[in-house]
Amino acid sequence: MRYISTRGKAPALNFEDVLLAGLASDGGLYVPESLPRFTVEEISSWSGLAYHELAFKVMRPFVDGCIPDADFKKILEETYGVFAHQSVAPLRQLAGNEWVLELFHGPTLAFKDFALQLLGRLLDYVLAKRNERVVIMGATSGDTGSAAIEGCRRCDNVDIFILHPHNRVSEVQRRQMTTILGDNIHNIAIEGNFDDCQEMVKASFADQAFLKGTRLVAVNSINWARIMAQIVYYFYAALQLGSPLRSVAFSVPTGNFGDIFAGYLARNMGLPINQLIVATNRNDILHRFMSGNHYDKDQLHPSLSPSMDIMVSSNFERLLFDLHGRNGQLVAELMDNFKKTGKLSVEDDRWTETRKLFDSLAVSDAETCETITQVFKQSGEILDPHTAIGMRAARMCRRSLALPMVTLGTAHPVKFPEAVEKAGIAKNIELPAHLVDLFKREERCTVLANDLSQVQSFVSQHGNRGKPL
Ligand SMILES: Cc1ncc(COP(=O)(O)O)c(C=O)c1O
Ligand SMILES: N[C@@H](CCOP(=O)(O)O)C(=O)O
């Protein structure tokens with residue numbers, strides 16, 4: 001399997017190299033040159049497999065021999081063995097055809113663990129084999145950061161720098177990052193928003209002189225391996241609901257468009273998904289595209305669902321690539337123009353094509369709270385604000401009541417007490433045992449201005465186990 005850039009100019013890579021990459025050298029994102037497509041018989045035969053066994057079946061074609069099967073199986077067994085729930089991703093029925101796929105039973109209580117527990121182990125495996133040290137830079141609006149730190153903290157060959165927007169993540173999210181105290185773990189709070197953090201990470205891939213020859217690796221969903229791992233749970237949920245003989249719909253709380261893009265790929269690999277709903281908070285650039293073909297930058301607003309306070313959605317470019325017949329030059333032109341004008345639209349027929357599969361809804365903070373309250377009264381379940389946005393969109397936008405509708409439960413409500421309290425739920429949600437002393441732990445974090453050169457100089461001063469590169 002070769003991986004090519006969405007902008008058509010960077011060299012094609014194999015799985016091992018794409019794992020160790022971030023943005024492609026032409027500024028694009030890597031995607032598989034062609035997708036594996038599974039038959040109905042093949043998918044049917046996976047029914048009843050344990051999560052790690054299914055993960056092997058779905059991901060094997062992407063890894064394509066770069067990691068021997070026996071080693072990859074062992075890595076997957078270890079990865080999903082650390083999840084707290086026996087079924088790893090339990091599917092909970094709220095009513096009739098309404099389901100929540102609980103993706104928050106990993107160590108950091110959000111869906112990011114599915115990919116980042118794996119990514120950490122894959123990096124460890126590949127870097128040990130190569131005897132190479134790398135620097136990781138990641139941007140987070142709250143969840144990727146802790147999942148990446150947790151996934152990589154035991155990697156000997158990694159120094160990890162996580163940028164989060166100062167005072168714009170929840171306290172639990174911040175502490176999950178800043179209380180992990182290794183000399184290769186570096187938390188930076190940027191005086192800006194998530195897009196500023198993400199832009200700095202991307203700019204660092206474009207000009208790596210400050211790294212003095214050390215390789216830079218991404219943990220955000222610009223890294224293909226992140227998307228690959230997120231495809232699996234669509235198969236896992238759909239198989240339990242009668243696929244591949246029955247179609248299923250998904251509603252996905254969306255920010256960087258990574259999670260829902262994984263669902264789109266699952267469909268293209270043979271899973272009968274008849275609808276994908278893009279559920280956003282008031283930072284609704286994706287909803288404005290899906291509902292009116294306007295992908296136009298706006299101001300970023302803090303919300304009760306801070307992990308989705310994202311304006312420019314990295315993975316949207318991967319969808320644009322497919323929409324434009326996988327023509328890298330066309331995508332490069334669109335993205336260049338977007339950089340200049342902050343606006344992007346596609347030709348009508350391409351947009352109509354997108355709308356055959358995708359619907360969307362933007363949900364306000366008040367509606368988010370209303371949904372948390374409503375679902376609690378109906379079922380006793382407390383949804384986190386991101387999942388609540390997905391649930392509201394599922395209820396408002398579903399095309400068929402006869403088909404199962406699965407909302408991705410992307411985070412545990414204990415991470416967002418403010419929203420739960422605002423929804424009028426007095427019940428105290430307890431942190432799980434491994435985090436019970438979270439509020440007593442020492443924190444370590446450096447606050448930096450929204451300034452790329454300061455950040456890069458910090459990385460080069462601390463990039464070798466806390467010492468200069
Ligand atoms: C809890 C939660 N829900 C949803 C999202 C949105 O996912 P994506 O960025 O893949 O669209 C994020 C962050 O990305 C998140 O942390
Ligand atoms: N919501 C994310 C933002 C980064 O998204 P990613 O999927 O590209 O890593 C977060 O919680 O950090």
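Ala, Val, Leu, Ile, Met, Phe, Trp, Tyr, Cys and Pro count here as nonpolar, Asp, Glu, Lys and Arg as charged, and the others, Gly among them, as polar. With that sorted, the shell around ligand 2 has no nonpolar residues, twelve polar ones and one charged one. What you're looking at is a predicted model, in which local features need pLDDT of at least 70 and side-chain atom pairs count only at pLDDT 80 or more, while totals for chains, interfaces and linings use all residues. Residues are numbered from 1 along each chain as its sequence is written, and chains are lettered from A and ligands numbered from 1 in the order in which they are written.

Let's stay with ligand 2 for a moment. It has 13 residues around it, and Thr 140, Asp 143, Thr 144, Asn 220 and Ser 221 come nearest; a residue is near a molecule if its C-beta atom, placed from the backbone, lies within 6 Å of it. Which helix gives the largest share of this shell? That is H6 (residues 143–152), with three residues. Helices (H or I, at least four residues) and strands (E, at least two) are DSSP runs, numbered from the N terminus.

Now for ligand 1, where Asp 143 turns up again. Here 15 residues make up the surroundings, and the closest are Asp 143, Asn 256, Gly 258, Ser 307 and Thr 410. Sorted by class, this shell holds five nonpolar, eight polar and two charged residues.

Next, the helix pairs. Two packed helices are described by the angle between their axes and the distance between the axes. The axes are lines fitted to C-alpha atoms, for helices over the stretch in contact, and angles run from 0 to 180 degrees between N-to-C directions.

H6 packs against H7 (residues 171–178) at an angle of about 25°, and the two axes are 8 Å apart. So H6 and H7 are roughly parallel to each other; angles under 35 degrees count as roughly parallel, over 145 as roughly antiparallel, 65 to 115 as roughly perpendicular and the rest as oblique. On the H6 side the contact is made by Asp 143, Gly 145, Ser 146 and Ile 149, and on the H7 side by Gln 173, Gln 176 and Met 177. Two residues are in contact if their C-beta atoms, placed from the backbone, lie within 7 Å. By class, this contact has two nonpolar, four polar and one charged residues.

The next pair is H9 (224–240) and H10 (residues 258–268), whose axes come within 8 Å and cross at roughly 60°. H9 contributes Arg 226, Ile 227, Gln 230, Ile 231, Tyr 234 and Phe 235, and these meet Gly 258, Asp 259, Phe 261, Ala 262, Gly 263, Leu 265 and Ala 266 in H10. That contact divides into eight nonpolar, three polar and two charged residues.

How are H15 and H16 set against each other, roughly parallel or roughly perpendicular? The axes of H15 (residues 365–379) and H16 (residues 385–397) come within 9 Å and cross at roughly 85°, which makes H15 roughly perpendicular to H16.

Gly 255 sits in the loop between S9 and H10. Gly 255 is buried, because 28 other C-beta atoms lie within 10 Å; the cut-offs are 20 or more such neighbours for buried, 12 or fewer for exposed, and anything in between for partly exposed, with C-beta atoms placed from the backbone. Leaving out residues up to four places away in sequence, Gly 255 touches Ser 141, Ser 307, Met 308, Ile 310 and Ser 313. Gly 255 and Ile 310 are 55 residues apart in sequence, yet 5.5 Å apart in space, C-alpha to C-alpha.

Finally, some backbone details. Val 88 has a positive phi of about 70° although it is not a glycine, and lies in the loop between H4 (69–81) and S3 (91–95). Val 88 counts as buried because it has 25 C-beta neighbours inside 10 Å. Lys 212, in the loop between H8 (194–206) and S8 (215–218), also has a positive phi, near 50°. With 12 C-beta neighbours inside 10 Å, Lys 212 counts as exposed. The peptide bond from Ser 243 to Pro 244 is cis, with omega near 10°, and Pro 244 is in the loop between H9 and S9 (248–253).
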